[in-house]
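Please look at the sequence and the 3D structure shown here, and then read the report that follows them.

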Amino acid sequence: MSSEAKGQVMTANRLKDGDVVFLTRSGGWSEKIDEATLALEPLAVAALEARASEAVLANLVTGHYLFEATRVDGKIRADHIRERIRTLGPSVRLDLGKQADGTAGAFRPVEG
Amino acid sequence: MYRYDEFDAKFVKERTAQFRDQANRRLSGELSEDEFRPLRLMNGLYLQLHAYMLRVAIPYGTLSSKQMRQLAMIAEKWDKGYGHFTTRQNIQYNWIKLEDTADILQALADVEMHAIQTSGNCIRNVTSDHWAGAAADELADPRPVGELIRQWSSLHPEFSFLPRKFKFAITGAPHDRAAVRVHDIGLRLHKNDAGKIGWEVMVGGGQGRTPMIAVTVRDFLPQNELIAYMEAIMRVYNLFGRRDNKYKARIKILVHELGAENFRAEVEAEYARHPAQQTQVEEAELARIAQYFAVPTFEKASQATPVFEAAKRDNAEFARWARNNLAAHHVAGYTIVNISLKPEGGIPGDASAEQMRIMADLAEHHSFDELRVSHAQNIVLPHVKLEDAFAVWKKLNAHDLATANYGLLGDIIACPGLDYCALATARSIPIAQAISRKFSDVAQQENYGPLKINISGCINACGHHHVGHIGILGLDKKGEEFYQITLGGSSSENASIGGILGPGFAAHEVPDAIENILNTYVKLRNTGEEFLATYRRLGPKPFKEALYATT
């Protein structure tokens, strides 16, 4: 039986190089969406927002926001195509971005 | 080519040093993102979907070989080995690091380039006819005036905080290849009844969410009044342009809301207040600039071109490329080489560092060291001897740069779309690729004749879909990409905005929809009638009926 949970992931761009990163359970930022914390309820979402604001003040990241995602069998998939492209790289250049660096999520390639 | 004088060089160097300091202060936390954002944008640095993106200005689309090689070096050293030539005749790098940006700006300054005013609510890079100085139909090279506008508008204190961004386009030819009627200000050089040369001044064109064709505010403006008159227009815009709503802040909205006559009256009243002697273009200054754009020393070529003719006879592929990608030069024995950056299934406007170097080498050896970037995302070698065309083609062909589809169906304009752009609502490039693959037969493309398919990935219309003969706009419908098709747009001297044909399509349906439209055209066209002419003669009805018929 596959398990599925819907929630929100906090993302941003790393300040020094712009790379797409996701807020993890330990409060760090990872290039891999599968290491992100999926906030399932409002308190958890608020905690993500607070931690992201701290990271902005600490000049680690910029442009943070939450997006909808689903965890299936322990792997996280962004619900919207825009965020799926951010977690992978350009759908027209599979040799570039996270999909080429080994930091992409488990869901690939971008469909549609 | 314009060469920086001492002032230009010092200015760009200082600006780079300022940015280095600003970036360091941002990285150390001395500047917040809110403080830093306008500073990075003033230097062309955006934050996009995957990383920072740097947009580099290529004034009026003109590059030297040395500059093109430097762009290649930047692509390899600081990006991922390629660059994207844009519909603004600029180049964008998609994988830039903030910590590298000052070094990149220095590398640009080393070859007299920069990224200033490629963003922000200021006067942006002036675009021009990519055949300027070479086209057979041209009255005069518009680039000296383009350079004059660049110098006048660069960091102009009065026009650095406009209600919204502001784009100039200029052409010196009757056939408009610079899309001047869909720019904030379009300038067209022409002769009056007395045989004198002057500028038609058009204001209030644009695309985006509210596409409009510019209105002519002066039919004939003497060249020495140009800057003063531009200042009058800019002042009226700065004073009356809306700042309360960014979607209504472009000058086109002001022209529309005031009405063309009232707008013209405001400009003329402002112009009348100008002390003309202070702002008249100094002939000596214009002459100084113009000497950098002097006509190259062309060889007196013979009328006979035996190498060219023999190559066409013996090589069908070359003959097709020569037929589609060469254009008439104003000097006998020379030709304009249009290098298509649209290979079958490729990404429109992308070029690898290696391809950039190949094009730079060809320009150095065969085109008086000059290249142009076109707003249709192609590269031009403006001055090639016809007798050298076959040698140029062979080298292009060896590097996937000899696709013979210039001006045809495969020569698709597409913005980066959702694959790269943070504003996009749908992908554009995969649609361009799917169409390109479906219609890969260039003979079939030739049968369809001149055709512009333009694709934008959002309503901001960077892919110029409003003025495509066939325009495709990608939108988001409840989280899914879908595409609206427009027909009948044009950016030429008979500019028009395309009309929406009907309900949109899923991505996989678009190539078949294009085929349906083209089949309808082929069935209904008169002999020799181009797509746009057929559409204008018949209107959308037969196309709509064919596309949405439910049988």
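The structure is a predicted model, in which local features need pLDDT of at least 70 and side-chain atom pairs count only at pLDDT 80 or more, while totals for chains, interfaces and linings use all residues. Residues are numbered from 1 along each chain as its sequence is written, chains are lettered from A in the order in which they are written, and side-chain values use heavy atoms, with hydrogens and water left out.

**The interface**

The size of an interface is often given as the accessible area lost when the parts come together. Chain A and chain B bury about 2300 Å² between them, 57% of it on carbon and sulfur atoms, where buried area is the accessible area (1.4 Å probe) that two parts lose on being put together, summed over both. In chain A, the residues that lose the most area to chain B are Leu15(A), Arg82(A) and Val92(A), which together make up 23% of what that side buries. Counted by contact (heavy atoms within 4.5 Å), 26 residues of chain A meet 31 residues of chain B. Ten residue pairs, both at pLDDT 80 or more, are in polar contact across the interface of chain A and chain B; a polar contact is a pair of N or O atoms within 3.5 Å, where within protein one must be able to donate a hydrogen and the other to accept it, and residues adjacent in sequence count only if both atoms are side-chain atoms.

**The empty spaces**

Rolling a probe the size of a water molecule over the atoms shows where empty space is left. On a 1 Å grid over the protein atoms alone, a cavity is a set of points where a 1.4 Å probe fits but cannot get out, and lining residues have an atom within 4 Å of a point. Grid points are joined across faces, edges and corners, and a volume is the space filled by probe spheres set on the points. The structure holds five cavities of 30 Å³ or more, and the table gives the volumes of two of them.

| Cavity | Volume |
|---|---|
| Largest cavity | about 180 Å³ |
| Second largest cavity | about 110 Å³ |

The largest cavity is lined by 14 residues, and those nearest its centre are Pro59(B), Tyr60(B), Thr62(B), Gln67(B) and Glu112(B). The lining of the second largest cavity includes Pro59(B), His114(B), Arg124(B) and Ser154(B).

Technical notes: 1 Å grid on protein atoms, 1.4 Å probe; cavity = no way out; pocket = protein on both sides within 12 Å on 5 of 7 lines; lining within 4 Å.
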